[in-house]
Amino acid sequence: WPRYVRVAEWLASEAGLFYSEGAALFAEASIARDLQLMGERFMLSGRADLISIGNDGTFSIFDFKSGTAPAVKDTSDTFSYQLTLEAAILEAGGYGNRSKLAAKKLAYVKVGGGTPAGDEKCIDKNSVANSAEHLAGLIQLLTDYMAEDQPFLPRANAKPDYKGQHDHLSRYKEWSTRGVLP
């Protein structure tokens, strides 16, 4: 209960992080966008924890975490595209048929009830601006996987020292010793 109280107090005191005058807030918002790949229709969808849409045509997306949020550097590199892909969906009218929206801010919000009770970690402006580039990369990856000779690698873009939390499920260690994987 004390942790809950600290989180509630922090959220109330930091309401300005999420809400600006004239903005509408949407919690647990389902978003989706159609993609066409090699003549096939795909649906890219997600659920945004919190979207703030301003009356100036900009939006912010907040992803709440009770644990560690991805490093900002990983969002700029090739690992944590969740928020930038959600931004690309919204920019294409993927929420309530709203069009011509532009990403203003993408942020992870850690709420744990400790000291401090919460913390906002904004994604750098370059990654926010590159949401279309991140979507293009996803489309290229999906297009590549549609080729019959393309293997489904468990972590094709991983850094050599990266230890994936699901490596044991993908049998990554077993396959990497055979020279099949990076």
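Me: What makes the largest group of residues here a nonpolar core, and which of its members have the most contacts inside it?

Reply: The largest nonpolar core has 25 residues, and those with the most contacts inside it are Ile51, Phe59 and Ile61. The name applies because a nonpolar core is a set of buried Ala, Val, Leu, Ile, Met, Phe, Trp, Tyr and Cys residues joined through side-chain atoms within 4.5 Å, where buried means under 20% relative accessible area, exposed over 50%, and partly exposed in between (1.4 Å probe, protein chains only). This is a predicted model, in which local features need pLDDT of at least 70 and side-chain atom pairs count only at pLDDT 80 or more, while totals for chains, interfaces and linings use all residues. Residues are numbered from 1 along each chain as its sequence is written, and side-chain values use heavy atoms, with hydrogens and water left out.

Me: Which elements each supply at least two residues of this core, and which gives the most?

Reply: Strands β1, β2 (40-53), β3 and β4 each supply at least two, and helices α4 and α6 (131-145) do as well, with α4 giving the most, 6 residues. These labels follow DSSP runs numbered from the N terminus: helices are H or I, at least four residues, and strands are E, at least two. Apart from this core lies another, of 9 residues, among them Trp10, Phe62, Ala107 and Ala117.

Me: Why is the aromatic pair of Phe18 and Phe64 called tilted?

Reply: The structure holds 4 aromatic pairs, and in this one the rings are 5.6 Å apart centre to centre, with 40° between the planes. Rings of Phe, Tyr and Trp (its six-membered ring) pair if their centres lie within 6.5 Å, and planes under 30 degrees apart count as stacked, over 60 as edge-to-face and the rest as tilted, so this pair is tilted. The pair links Phe18 in helix α2 (residues 15-18) to Phe64 in strand β3 (residues 58-65), 46 residues apart.

Me: Is Phe18 buried or exposed, and how is Phe64 classed?

Reply: Phe18, at 9% relative accessibility, counts as buried, whereas Phe64, at 27%, counts as partly exposed.

Me: What makes the pair of Phe26 and Tyr95 edge-to-face?

Reply: The angle between the planes of Phe26 and Tyr95 is 65°, and their centres are 5.3 Å apart, which gives the edge-to-face label. Phe26 is in strand β1 (residues 24-37), while Tyr95 is in the loop between α4 (82-91) and β4 (102-111), 69 residues apart, and both residues are buried.

Me: Why do β1 and β5 count as edge strands?

Reply: The sheet is open, with 5 strands in the order β1-β2-β3-β4-β5 and mixed pairing. Each of β1 and β5 (118-122) has a single partner strand, so one side of each is left without a neighbour in the sheet. Two strands pair if DSSP finds at least two bridges between them, and β4 and β5 have 5, in the antiparallel sense.

Me: What makes the phi values of Glu28 and Met38 worth a look?

Reply: Most residues other than glycine have a negative phi, and most peptide bonds are trans. Glu28, in strand β1, has a positive phi near 50°, and Met38, in the loop between β1 and β2, also has a positive phi near 50°. Glu28 is partly exposed at 45% relative accessible area, whereas Met38 counts as exposed at 57% relative accessibility. A cis peptide bond, with omega about 0°, joins Thr115 and Pro116, and Pro116 lies in the loop between β4 and β5.
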